[in-house]
Amino acid sequence: MNPHTGTKPGTRPKDEAPTLDRTTFGHRLRAARKRFGWTLAQLAERSGVSITTISRAERGQLALGYENFTALGRALEMDMNAMFAGAGVKPAQLDGPVVTRAGKGVVYRGLSIAYEFLGTTAAGKQMSPIVGTVHARRIHGPEDFVRHSGEEFAYVLSGEIEVHFDNGEVVHLARGDSLYFDSRIGHAYVSVSRQLAKIVGMTTAESGHMRSAREAPASGPVGKTLPKPRRPAAVAKKATRGRGA
């Protein structure tokens with residue numbers, strides 16, 4: 001018996017969130033790929049995630065960043081939050097209220113954020129809610145910027161963060177501040193307070209309206225088409241450099 005926690009060796013305290021370790025996640029990712037009968041190369045081609053990254057993730061040797069596991073989710077035609085359901089829990093379509101009790105989400109430690117996924121028993125959700133602990137302390141390079149379809153929201157519960165964008169903009173957020181943005185723009189979270197910051201985050205898939213606005217040509221007066229805005233050279237250069245896992 002542990003005198004500090006009151007638990008037996010090898011058991012988890014009742015108030016500790018269940019954690020999805022890299023090995024278990026890797027097994028689930030491999031099983032999802034095998035259901036399609038795909039090789040690593042085929043999944044890499046369909047998702048845009050490198051063979052090496054997928055292979056290492058399947059073997060439990062690498063934590064995936066949000067950009068990569070959402071890309072894999074699209075390729076595998078599945079709600080990736082279902083990958084984070086607790087052991088023995090099979091996600092089902094949303095047909096009623098889904099409650100996640102305090103501290104009972106499923107935790108996965110990514111590259112810069114430890115994600116506590118909420119509502120994991122509901123498959124096919126339009127939103128992906130998380131409570132995140134931002135453990136990144138600085139930006140190492142362009143590979144730290146994440147990009148994915150849809151929109152993103154972040155609300156700071158405690159501590160302070162900086163959200164860096166790949167166009168050079170930096171937004172500082174303290175407790176109670178929030179941010180909403182187009183998540184196709186490269187972005188990265190960093191804790192700047194003494195304690196690691198905690199946030200509530202939400203991402204959505206790209207809506208039909210967003211897709212139409214992105215794909216439709218910009219128009220001016222009748223009969224004229226406005227030229228597409230040019231991206232700053234510095235931003236374009238960053239965007240062409242490799243994306244991290």
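At what angle do the axes of helix α2 and helix α3 cross? In this predicted model, local features need pLDDT of at least 70 and side-chain atom pairs count only at pLDDT 80 or more, while totals for chains, interfaces and linings use all residues. Residues are numbered from 1 along each chain as its sequence is written, and side-chain values use heavy atoms, with hydrogens and water left out.

The axes of α2 (residues 40–47) and α3 (residues 51–58) cross at roughly 120° and come within 9 Å. Helices here are DSSP runs (H or I, at least four residues), as are strands (E, at least two), numbered from the N terminus. Axes are lines fitted to C-alpha atoms, for helices over the stretch in contact, with angles from 0 to 180 degrees between N-to-C directions. On the α2 side, Leu40, Ala41, Leu43, Ala44 and Ser47 meet Ile51, Ile54, Ser55 and Glu58 of α3, where contact means heavy atoms within 4.5 Å. Sorted by class, that contact has six nonpolar, two polar and one charged residues (Ala, Val, Leu, Ile, Met, Phe, Trp, Tyr, Cys and Pro count as nonpolar, Asp, Glu, Lys and Arg as charged, and the others, Gly among them, as polar).

Helix α2 also packs on α4, at an angle of about 105° and with the axes 8 Å apart. The two helices α2 and α4 are therefore roughly perpendicular (65 to 115 degrees; under 35 is roughly parallel, over 145 roughly antiparallel and the rest oblique). Here Leu43, Arg46 and Ser47 of α2 meet Ala71, Leu72 and Ala75 of α4.

Then there is the largest pocket, with a volume of about 500 Å³. A pocket is an open set of points on a 1 Å grid over the protein atoms alone, where a 1.4 Å probe fits, with protein on both sides within 12 Å along at least five of seven lines; lining residues have an atom within 4 Å of a point. Ser112, Ile113, Tyr115, Asp144 and Val146 are the closest to its centre, out of 33 lining residues. Strand β11 gives the largest share of the lining, four residues.

Key: Points joined across faces, edges and corners; volume = space filled by probe spheres on them.
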